[in-house]
Amino acid sequence: MKEHEMTLGEELRRQGITRRSFLKFCAAVASSMAIPASMVPAMAASLAQARRQSVIWMPYQECTGCLESLTRSFAPTVENLLFNFVSIDYQHTLQAAAGDQAIEALKVAMEENWGKYLLLVDGSIPLKDDGVYSVSHGQTHLESLREVAEGAAAIVSIGTCAAFGGVGAARPNPTGAVGVDQIITDKPILNVPGCPPLPEVMTGVLTSFLAFGALPEVDSLKRPKAFFGDTIHDRCYRRPFYDQGKFADTFDDEGARKGWCLYKLGCKGPITYNACASVKWNQGLSWPIQSGHGCIGCSEPNFWDKDSFYKPLSAGQWGSAEGIAIAAAAGVALGAASAVMSRKNQDKISGGK
């Protein structure tokens, strides 16, 4: 029996993976996706009957950081994702083939799974001068994206570059770099921004797609609400200090040593939607704010151009001048005024829901 013909349940049994372990995997994914625990048995049953999903992963104008992030996923593990649930039929960094052999593998995967494969994209796509600034195997990445996207069932843009243009689109954007959804408009597209994105978000999104046959619910920027429904600020463990008006003024002062809020040091947590505060990095060990550095807002559009990473949020970025003037006062007034503006911004992003 071919791998694509085998159900996931059959594949798991073949590899000696117990039902208990499988249910733990499903429970972890359900928890990360805010799916009720009562849905775990149904999710497990659906996954067990699913066929291995063909995945084509196209890297464009990128730094490989997104792939590095995914291969460091630990819960659920990348081994479970890559080797049991999906078939990575093309990814030129991971695969053994290169050159003409790699391109032939891509063509075969597209032909055999036309209309069914899931397309993953990382990296921005240059538009200027017909895309000549990013070329592989004699084909611009603009041409490549249009060709591969045509046969995809859905597209997942991995990382801020693929989602919004990212660093490649930062001023003055010499290559005219853009995100995937500015080029492809006739396919379901989900954005998983971050520089790099959280690996657990990717495993959750892909497993959810396998279980339910569709991309999860998204916000107005096509990000999965389960992971991007709250700001960093909403879930930050330093939030109580913010509400009390206790802020570090330098990275080595008494406030910093006591773990006070990093708002004055440029933290972009109030305008950044991501799950860093709850999922964390490096096997749940830590995340930037816990390590003493403010959030730089890397999962937001144009984050690279939003002034210095170490300058407090300005009126032009996230509110009215009057509102910022109020928020500039120390104490509870700062926490209250900024929290109101953050909530208004969140309502706008989520479509008022």
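Okay, one term before we start: a residue is buried when its relative accessible area is under 20%, exposed when that is over 50%, and partly exposed in between, using a 1.4 Å probe and protein chains only. What we have here is a predicted model, where local features need pLDDT of at least 70 and side-chain atom pairs count only at pLDDT 80 or more, while totals for chains, interfaces and linings use all residues. Residues are numbered from 1 along each chain as its sequence is written, and side-chain values use heavy atoms, with hydrogens and water left out.

Let's begin with helix H6, residues 99-112. Helices (H or I, at least four residues) and strands (E, at least two) are DSSP runs, numbered from the N terminus. H6 has 14 residues and spans 20 Å from its first C-alpha to its last, close to the expected 20 Å at 1.5 Å a residue; that expectation is 1.5 Å times one less than the number of residues.

Which residues of H6 are buried? They are Ala102, Ile103, Leu106, Ala109 and Met110. Looking down the H6 axis, the buried residues fall within an arc of 120°, so they line one face of the helix; the arc is taken from the directions from the axis to the C-beta atoms. Over on the other side of H6, Asp100, Gln101, Glu111 and Glu112 are exposed. The cover over the buried residues includes strands E1 (53-59), E2 (86-90) and E3 (117-122), plus helix H7 (141-150).

Now to Tyr117, which sits in strand E3. Tyr117 counts as buried, at 0% relative accessibility.

Next stop, Ser157, in strand E7 (residues 152-158). Buried or exposed? Ser157 is buried, with a relative accessible area of 0%. Leaving aside neighbours within four places in sequence, the contacts of Ser157 include Val121, Ala162, Val180 and Asn191.

Last, a helix pair: H3 (residues 40-49) and H9 (residues 199-212) pack with axes 8 Å apart, at an angle of about 80°. Met43, Ser46 and Leu47 of H3 meet Thr207, Leu210, Ala211 and Phe212 of H9.

How values were computed. Contact = heavy atoms within 4.5 Å. Axes fitted to C-alpha atoms, helices over the stretch in contact; angles between N-to-C directions.
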